[in-house]
Amino acid sequence: MSHAGSALLAQVADTLGLTKALSLRLAALKQRRRGHDPGRVIRDLAVMLADGGECVADLGAVRDQPALFGPVASDSTAFRVIDRVAADAALLDAVRAAHATARARFWKLRGVPERLTIDVDATLISAHSEKQQAAGNYKGGYGFHPLHAYADETREALGALLRPGNAGANTAADHITVLDRALGQIPAEHVEQIEILVRADSAGATHALLDHCREADMRFSVGYELTEPVRAAILQIPAEAWATALAQDGTERHNGEVAEITDRVELSSWPGNSRVIVRRERPHPGAQLSFTDHDGYRFQAILTDQPDPDIAILECRHRQRAHVEDRIRDDKDTGLAKFPFQAFALNQVWLELVLLAHDLIVWTQALLLDGALAHAEPKRLRYRLLHVAARLAFHGRRGTLRVQHDWPWAAELLAAFHKLKTLPAASG
């Protein structure tokens with residue numbers, strides 16, 4: 001059989017209680033006693049996406065291997081489950097609640113982060129046919145403009161909102177919706193104790209969003225527009241006020257300096273204790289400068305309410321927001337690149353399946369893998385581990401998975417299966 005390693009994904013879903021939580025919350029959808037469990041269908045769809053599938057028809061790669069994955073619904077049955085979930089907003093919320101239940105179990109096994117950084121960012125997804133609410137975007141393309149939230153420390157997907165292609169980049173209501181969905185994914189017993197930082201680019205620099213962060217006792221760090229007053233304040237910074245910027249590993253950055261201009265700009269309309277920090281750097285050789293660049297420098301500014309005295313640390317922490325681009329790229333390899341349905345509501349369900357698939361990969365890596373495989377991108381993980389061919393031999397009703405002994409990552413795969421057996425199953 002092929003795709004032997006992908007059985008890890010399904011078994012992690014079972015161990016963390018995701019399958020059971022989905023079954024309980026979607027039990028009302030089951031019409032026949034002998035029919036497929038709707039929760040199990042949703043789990044199988046998420047496993048299929050994590051395995052590299054792009055549409056419901058790709059469920060066949062899972063269905064054709066019942067010895068590994070058990071009985072799997074037909075394509076038509078899977079579509080009917082998606083259709084029924086799409087028809088009732090409460091059922092879509094039930095899927096999110098089941099996702100949160102599994103996350104709480106994962107945190108219990110892996111440990112609760114003391115600090116959680118929620119990165120909010122949008123991406124453009126092209127549509128190559130007429131689909132409901134697909135629209136032209138600001139780059140001249142056509143499709144959708146979903147907004148996502150990820151946890152930087154754990155790499156988990158916390159929430160997303162499907163939007164038309166012409167949705168505004170800085171629509172505060174959309175950012176607040178996604179942020180609230182992300183908060184709903186944090187286990188209730190920990191949400192009050194964890195220090196939360198919300199990061200976004202300049203699209204997040206809206207009064208409504210930052211006021212919402214302040215009301216929820218969350219810190220923020222967002223890009224800040226280089227308006228004329230900001231540019232004027234930057235040009236007045238004395239040379240000795242610039243401090244060396246930091247690289248990601250905490251060492252001094254050879255190209256980059258930071259300074260604070262909080263006392264030089266008007267911030268009374270923003271939440272109290274807001275600060276503006278700017279960075280200047282020389283563009284790389286060959287980069288085209290704009291007329292707004294000064295003396296060969298390129299400037300960027302951030303608005304934050306973090307009280308840390310070291311502005312280099314604050315600016316470096318904000319630049320780590322680039323990790324969200326990695327998360328989105330991973331999801332585009334895990335079903336996000338194509339919304340397969342014509343109806344918008346069906347594609348909303350598909351987006352939730354993508355989030356489930358994302359976390360199945362992250363949870364599997366965190367709980368079962370070590371070294372490079374624990375942080376590998378989905379494509380590499382599939383090549384090395386998930387899509388491995390193996391032989392399943394039965395003796396006395398006991399199955400034994402035999403992996404090609406000279407496959408370079410055979411030991412890692414077998415170690416993952418053994419480690420999975422040591423994890424206590426979810427209770428309740």
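Visitor: Which element supplies the largest share of the lining of the largest pocket?
Guide: The largest share of this lining amounts to 5 residues. The structure shown is a predicted model. The element that contributes these 5 residues is H15.

Visitor: How much space lies in the largest pocket, and which residues are the closest to its centre?
Guide: The space in the largest pocket comes to about 420 Å³. The pocket is lined by 13 residues, and the closest to its centre are Gly-399, Thr-400, Leu-401, Phe-417 and Lys-421.

Visitor: Which elements give two or more residues to the lining of the largest pocket, and how does that lining divide by class?
Guide: Two or more residues come from each of helix H5 (66-69), strand E14 (398-403) and H15. By class, the lining of this pocket divides into 7 nonpolar, 4 polar and 2 charged residues.

Visitor: At what angle does helix H15 pack with helix H1, and are the two helices roughly parallel or roughly perpendicular to each other?
Guide: Helix H1 (residues 7-15) and helix H15 (residues 410-422) have axes 11 Å apart and pack at an angle of about 15°. Angles under 35 degrees count as roughly parallel. H1 and H15 are therefore roughly parallel.

Visitor: Which residues make the contact between H1 and H15, and how do they divide by class?
Guide: From H1, the contact involves Ala-7, Leu-8, Gln-11, Val-12 and Thr-15, while H15 brings Leu-413, Ala-416, Phe-417 and Leu-420. The residues of this contact comprise 7 nonpolar, 2 polar and no charged.

Visitor: How much space lies in the second largest pocket, and which residues are the closest to its centre?
Guide: In the second largest pocket there is about 340 Å³ of space. Its lining has 17 residues, and the closest to the centre are Gly-223, Gln-300, Ala-301, Ile-302 and His-318.

Visitor: Which element gives the largest share of the lining of the second largest pocket?
Guide: Strand E8 (219-224), strand E11 (275-281), strand E12 (298-304) and helix H11 (311-319) each give two or more residues to this lining. The lining as a whole holds 7 nonpolar, 4 polar and 6 charged residues. The largest share is 4 residues, and the element that gives them is E12.

Visitor: How many cavities of 30 Å³ or more are there, and how much space lies in the largest cavity?
Guide: The count of cavities of 30 Å³ or more comes to 3. The space in the largest cavity is about 60 Å³.

Visitor: Which element gives the most to the lining of the largest cavity?
Guide: The lining consists of Arg-96, His-99, Arg-103, Ala-157, Leu-158, Gly-159, Ala-160, Gln-185, Glu-352 and Leu-355. The element that gives the most, with 4 residues, is E6.

Visitor: Which element gives the largest share of the lining of the second largest cavity?
Guide: The second largest cavity, with a volume of about 40 Å³, is lined by Leu-92, Arg-96, Ala-160, Leu-161, Leu-162, Arg-181, Gln-348, Leu-351 and Glu-352. Two or more of these residues come from each of H7, E6 and H13. The largest share is 3 residues, and its source is H13.

Visitor: At roughly what angle do the axes of H7 and H13 cross, and is H7 roughly parallel or roughly perpendicular to H13?
Guide: The axes of H7 and H13 come within 11 Å and cross at roughly 10°. This angle makes the relation of H7 to H13 roughly parallel.

Visitor: At what angle do H3 and H13 pack, and is H3 roughly parallel or roughly perpendicular to H13?
Guide: Helix H3 (residues 38-50) packs with H13 at an angle of about 65°, and their axes are 8 Å apart. Angles of 65 to 115 degrees count as roughly perpendicular. This makes the relation of H3 to H13 roughly perpendicular.

Visitor: How does the contact of H3 with H13 divide by class?
Guide: On the H3 side are Ile-42, Leu-45, Ala-46, Val-47, Met-48, Leu-49 and Ala-50, which meet Trp-350, Leu-353, Val-354, Leu-356, Ala-357, Leu-360 and Ile-361 in H13. By class, the residues of this contact are 14 nonpolar, no polar and no charged.

Technical notes:
Residues are numbered from 1 along each chain as its sequence is written. This is a predicted model: local features need pLDDT of at least 70, side-chain atom pairs count only at pLDDT 80 or more; totals for chains, interfaces and linings use all residues. Side-chain values use heavy atoms; hydrogens and water are left out. Axes are lines fitted to C-alpha atoms, for helices over the stretch in contact, and angles run from 0 to 180 degrees between N-to-C directions. Angles under 35 degrees count as roughly parallel, over 145 as roughly antiparallel, 65 to 115 as roughly perpendicular and the rest as oblique. Contact means heavy atoms within 4.5 Å. Ala, Val, Leu, Ile, Met, Phe, Trp, Tyr, Cys and Pro count as nonpolar, Asp, Glu, Lys and Arg as charged, and the others, Gly among them, as polar. On a 1 Å grid over the protein atoms alone, a cavity is a set of points where a 1.4 Å probe fits but cannot get out, and a pocket is an open set with protein on both sides within 12 Å along at least five of seven lines; lining residues have an atom within 4 Å of a point. Grid points are joined across faces, edges and corners, and a volume is the space filled by probe spheres set on the points.
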